[in-house]
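Dear colleague,

I am handing over the structure below, and I would be glad if you kept it open while reading the notes that follow it.

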Amino acid sequence: MMDREVIISAIKEVAAPYTQDKEALDQLSETTSFITDLKINSANLVDIVLDLEEKFGIEIDNDSMSKMLDVKSTLDVIEDKLAEK
């Protein structure tokens with residue numbers, strides 16, 4: 001099982017180009033919301049999900065994607081998908 005810190009670091013890296021608030025990105029934690037904290041719009045949120053799929057070699061279905069609004073939910077989805085591999 002991949003370490004949560006490693007996954008958080010990967011999420012931060014993937015979110016960086018889409019983030020309007022760089023200060024919030026520096027302080028990214030499990031409670032960070034992509035939309036309200038990082039000011040990422042919903043179209044870019046889809047790009048982030050696609051980038052994460054590629055990075056981790058997983059497939060994220062629409063149902064899971066709709067839950068990925070903050071870092072903790074995204075971590076949970078990635079961990080679940082990695083466990084299914």
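At the start of helix 1, which backbone nitrogen does a side-chain oxygen of D3 reach? In this predicted model, that oxygen of D3 comes to within 2.7 Å of the backbone nitrogen of E5.

Helix 1 itself takes in residues 4-15, and from its first C-alpha to its last it reaches 16 Å, close to the 16 Å expected at 1.5 Å a residue. Its buried residues are I7, I8, A10, I11, V14 and A15. They lie on the same side of helix 1, because the arc they cover around the axis is only 160 degrees, whereas E5 and E13 are exposed on the other side. The buried residues of helix 1 pack against helix 2 (22-26), helix 3 (42-56) and helix 5 (71-84).

Helix 5 also holds K81, a residue that counts as buried because its relative accessibility is 12%, below the 20% cut-off. Leaving aside residues up to four places away in sequence, K81 touches I58, E59, I60, D61 and S64.

As for the whole chain, there are 5 helices and 0 strands. The radius of gyration is 12 Å, close to the 12 Å that the globule rule gives for 85 residues, so the chain is as compact as a globular protein of that length. Buried residues account for 41% of the 85 residues, and of the contacts between residues at least 6 apart in sequence, 52% join residues at least 24 apart. The chain exposes about 4,900 Å², of which carbon and sulfur atoms supply 48%.

Methods
Residues numbered from 1 in each chain as written. Predicted model: local features only at pLDDT ≥ 70, side-chain atom pairs only at ≥ 80, totals over all residues. Heavy atoms only, no water. Helix = DSSP H or I, 4+ residues; strand = E, 2+ residues; numbered from the N terminus. Expected span 1.5 Å × (residues − 1). Buried < 20%, exposed > 50% of the residue type's maximum accessible area, 1.4 Å probe, protein only. Arc of directions from axis to C-beta. Contact = heavy atoms within 4.5 Å. Polar contact = N/O pair within 3.5 Å; in protein donor to acceptor, adjacent residues only side chain to side chain. Rg over C-alpha atoms; globule rule 2.2 N^0.38 Å. Areas by Shrake-Rupley, 256 points an atom, 1.4 Å probe, with all protein chains shown as cover.
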